[in-house]
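Please read this briefing alongside the sequence and the three-dimensional view. It is written for someone meeting this structure for the first time.

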Amino acid sequence: MNTTPPGASCVFEREGAVIGTLPSTPASLSVSKTKYNITIRCDKPGYQQAVALSHSGTSAAIAANIALDVVLTLGVSSIVDSAVGADNKYDTPIVLNMVPIGGAPASVVPQLGAATDLTALLADKTLYITEGDSKVTVDYYGTDGKLTRKDGDCTRAGSWSAKDGQLCLGFSAKDETTKCYAVSGTATQPAFRDVNAAADAAPISTRFMAKGNIENLPGDTKACN
């Protein structure tokens, strides 16, 4: 369980009963597997209460389907709707962005652009990304310029680089060419737009970004349909 900022206390509830607590994030809690959802409530002085709902479901992905569309409207708590792993399995990690009481002025959130150091931003990071309403894809950006993408049961090896303020990605498949993206959004939730796409094309958005190869994505690949 992680919160931004850290240092929040969290209560885990299932079927109306408290099943565990965490005194300060980041921290971990082991819970029994059942078919019932878990509600996680996190509090920190000076911040609105943040709530995560972790469903008991049938997805095999770990954390990739956590819907990190955080509601940051004035006076409303952040809410994360978490889809989960295999039968009777709850996703991990769960991340909540906590909103200061009174709301956070947009001006305090750094915006990414052409001057952003993309190498520093993405090296040794795992990104959970989605384009439009499509399913979540997981990318790991190695410090050596290697890229591994997981899409369902398929993994693809590729490469990444930062060039002229743009992120360029290439994969080993013969029918795929290198694509470059303009970067926007924030340092925790960057967004990527294909520089050759139409102006109204949906950008690729980051649901969650974490340090390291937290999915342990392999360097080899599996067949992709």
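This is a predicted model: local features need pLDDT of at least 70, side-chain atom pairs count only at pLDDT 80 or more; totals for chains, interfaces and linings use all residues.

Residues are numbered from 1 along each chain as its sequence is written, and side-chain values use heavy atoms, with hydrogens and water left out. The protein contains one helix and 16 strands, where helices (H or I, at least four residues) and strands (E, at least two) are DSSP runs numbered from the N terminus. Of its 225 residues, 39% count as buried; buried means under 20% relative accessible area, exposed over 50%, and partly exposed in between, with a 1.4 Å probe and protein chains only. Among contacts (heavy atoms within 4.5 Å) between residues at least 6 apart in sequence, 53% join residues at least 24 apart.

**Nonpolar cores**

- A nonpolar core is a set of buried Ala, Val, Leu, Ile, Met, Phe, Trp, Tyr and Cys residues joined through side-chain atoms within 4.5 Å.
- The largest such core has 18 residues, and the members that touch the most others are Leu122, Leu127, Tyr141, Trp160, Leu167, Leu169 and Phe192.
- Two or more residues of this core come from each of helix H1 (118–122) and strands E9 (125–131), E13 (166–171), E14 (179–185) and E16 (204–211).
- A second, separate core is made of 14 residues, among them Cys10, Phe12, Leu96 and Met98.
- Once neighbours within four places in sequence are set aside, Leu169 has contacts that include Tyr141, Leu147, Arg149, Trp160 and Tyr181.
- In soluble globular proteins, nonpolar side chains tend to be buried together.

- Strand E10 (residues 137–141) is largely enclosed by the rest of the structure, because five of its five residues are buried.
- Thr137, Asp139 and Tyr141 point one way from E10, whereas Val138 and Tyr140 point the other way, and all are buried.
- Two strands pair if DSSP finds at least two bridges between them; E9 and E10 run antiparallel and are joined by five bridges, with Ile129 standing opposite Thr137.
- Four bridges join E10 to strand E11 (residues 146–151), again in an antiparallel arrangement, and Thr148 in E11 is the bridge partner of Tyr140.
- The hairpin of E10 and E11 has four residues between the strands, and Gly145 takes a positive phi near 85° there.

**Disulfides**

- Two disulfides are counted, a disulfide being a pair of cysteine sulfur atoms within 2.5 Å.
- Cys10 and Cys42 form a disulfide with their sulfur atoms 2.1 Å apart, and the link is right-handed, with 105° about the S-S bond.
- This pair links distant parts of the chain, with Cys10 in strand E2 and Cys42 in strand E4 (residues 38–43), 32 residues apart.
- Cys10 is buried at a relative accessible area of 1%, and Cys42 is buried at 0%.
- A disulfide also joins Cys168 to Cys180, at 2.1 Å from S to S, and it is right-handed because the torsion about the S-S bond is about 105°.

**Charged side chains**

- Three salt bridges are counted, each being a side-chain nitrogen of Lys or Arg within 4 Å of a carboxyl oxygen of Asp or Glu.
- Arg149 forms a salt bridge with Asp139, the closest N and O atoms being 2.7 Å apart; Arg149 lies in strand E11 and Asp139 in strand E10, so the pair ties together parts that are ten residues apart in sequence.
- Arg149 is buried at 13% relative accessible area, and Asp139 counts as buried at 0%.
- Arg41 and Glu13 meet in a salt bridge at 3.3 Å, N to O, and both are partly exposed, Arg41 at 31% and Glu13 at 23%.
- Asp124 forms a salt bridge with Lys211 at 3.6 Å between the closest N and O atoms, and Lys211 is exposed, with a relative accessible area of 57%.
- Arg14, in strand E2 (residues 9–14), is buried yet has no salt bridge, the nearest side chain of opposite charge being Glu15, 7.6 Å away; Lys and Arg count as positive and Asp and Glu as negative, while His and the chain ends are not counted.
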